[in-house]
Amino acid sequence: MRWTGTLSRYLIREVALYSLVGLLGVGSILVLQNLLRRLGDLGGIGISFGDMASVAGNLSAMLASYAVPVAFLFGVLAAIGRISADSEWTAMRALGISFAQIVRPVMILGCLVAVGTAHLLHNVEPKARRDMRTLAATVAANGSMIKAGQFIRLDNEGKRLLFVEDRSPELGLKGVVISDHTNQARPFTIFAESGSFAFDQETAAVTLTLAEGDIHFENQDSGTSKYRRIAFGNASYIFDLGDVLGSNVNRLRPPELETSTLRQILNNFRVEGVAPSWARVRQIEPYEIHLHRRYAVPFASVLFAFLGVALGVRRTRGARSWGALLCVVIVFLYYTALSFGIYLAENGFLPAMAALWLPNLLTAGLALATSLRARRIEL
């Protein structure tokens, strides 16, 4: 029994070390990919370099529930593959070590990873999503996107440009120029002596209230010399940040809600047949999907432990190099099945519980088949 404890500690240490390497690699790729994808939108609202650190931290928390199970699967395949490639598995079998004795400590580690993943999904990820939305809304409300002496794009395509000669800490603007080419048939430019900035969190719209200015409409007909100019004492110019923040900033989406809130909304559907008045999404499917996802995905780590050991105990010298490739294939198949399950649930083809647990059932079947094959080889 003492020797078995030594073996268990050895296996757990090997799997944990490789999993840590996988987590650093997978986590870095996911965070950098998502951070680069968001840079355009976040930069458009004037987010600072210091805020980018908060964004990266929130992204790390949001993506950890994806990275941890993947890293654990890589750790199992790499560690068991190394043991097999170095003939340690052959030596263990010669000493009477069974397949079950190899699986047991890895399964215990898989259960711990499942508990950690569940914590990430139930608590860490929703909070990180809320913090991300709050950060973006705060930056937008402070008018950080408006910088004196610089042309600022008000959309991703650059069809709206804003120039402010000077601005005060109270969001007062001096010497405002706005170029709007969103309607190519009627582009115009606004010049105003002064203005102010206001952000509506409910609609995610920014209103520039302008004073003492002119609107100059560009002439699109080269054959005429007509020119149109409208002078104004006060005017409002509104543009939307909904693509970055989403509308109804104060109302949370299902992925941002706590598990208890998801259950409360679903209970309201069961009792009254509709969502509560304060709920942002009025359909039941998104709430069911995100609730069952928080229970189904953590269980994948337990299945990955069983499947990884069964696939890792290969007697070929190429077992070590197979680990990363097998990890990619299994992860691709699992998350493809998960996405397909979400699609089925969203469109009402399957209940959310059945659709979200479908990838686990498929993985369990594959794990059972590979483990039986490994046992037959052992015998």
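Colleague: Which residue in β3 is the bridge partner of Asp166?

Modeller: Please note that this is a predicted model. Strand β2 covers residues 160–167 and strand β3 covers residues 172–180; the two run antiparallel and are joined by 7 bridges. Asp166 takes part in this pairing, and its bridge partner in β3 is Lys174.

Colleague: Which strands lie at the edges of the sheet?

Modeller: The open sheet has 6 strands in the order β1-β2-β3-β4-β5-β6, with antiparallel pairing. On average, neighbouring strands are turned by 30 degrees against each other, direction ignored. An edge strand pairs on one side only, and this holds for β1 (151–153) and β6 (228–240).

Colleague: How many residues of strand β5 are buried?

Modeller: Strand β5 is joined to β4 (residues 188–200) by 12 bridges, in an antiparallel arrangement; within this pairing, Asp200 has Ala205 as its partner in β5. With β6, strand β5 also pairs in the antiparallel sense, over 12 bridges, and there the partner of Asp214 is Ala231. Strand β5 spans residues 205–217 and is mostly covered, the number buried out of 13 being 10.

Colleague: Which element gives the most residues to the largest nonpolar core?

Modeller: The largest nonpolar core has 44 residues, of which Phe72, Ile80, Ile102 and Val309 touch the most other members. The elements giving two or more residues to this core are α1 (2–44), α2 (49–85), α3 (88–94), α4 (99–141), α7 (285–312), α8 (319–346) and α9 (352–378). The highest contribution is 10 residues, and it comes from α7.

Colleague: Which residues does Val309 touch, not counting residues up to four places away in sequence?

Modeller: Val309 is one of the residues that touch the most other members of the largest nonpolar core. With residues up to four places away in sequence left out, the residues it touches are Val76, Ile80, Phe99, Ile102, Val103 and Val106.

Colleague: How many residues does the second, separate core hold?

Modeller: Among the members of this second core are Val176, Phe188, Phe217 and Phe232. The core is separate, and its number of residues is 20.

Colleague: Why does Cys327 count as buried?

Modeller: A residue is called buried if its relative accessible area is under 20%. Cys111, at 38% relative accessibility, therefore counts as partly exposed. Cys327 counts as buried because its relative accessibility is 6%.

Colleague: How many disulfides does a search of the whole structure find?

Modeller: A disulfide is a covalent bond between the sulfur atoms of two cysteines. The search covers the whole structure, and the number of disulfides found is 0.

Terms used. Residues are numbered from 1 along each chain as its sequence is written. This is a predicted model: local features need pLDDT of at least 70, side-chain atom pairs count only at pLDDT 80 or more; totals for chains, interfaces and linings use all residues. Side-chain values use heavy atoms; hydrogens and water are left out. Two strands pair if DSSP finds at least two bridges between them. Helices (H or I, at least four residues) and strands (E, at least two) are DSSP runs, numbered from the N terminus. Axes are lines fitted to C-alpha atoms, for helices over the stretch in contact, and angles run from 0 to 180 degrees between N-to-C directions. A nonpolar core is a set of buried Ala, Val, Leu, Ile, Met, Phe, Trp, Tyr and Cys residues joined through side-chain atoms within 4.5 Å. Buried means under 20% relative accessible area, exposed over 50%, partly exposed in between (1.4 Å probe, protein chains only). Contact means heavy atoms within 4.5 Å. A disulfide is a pair of cysteine sulfur atoms within 2.5 Å.
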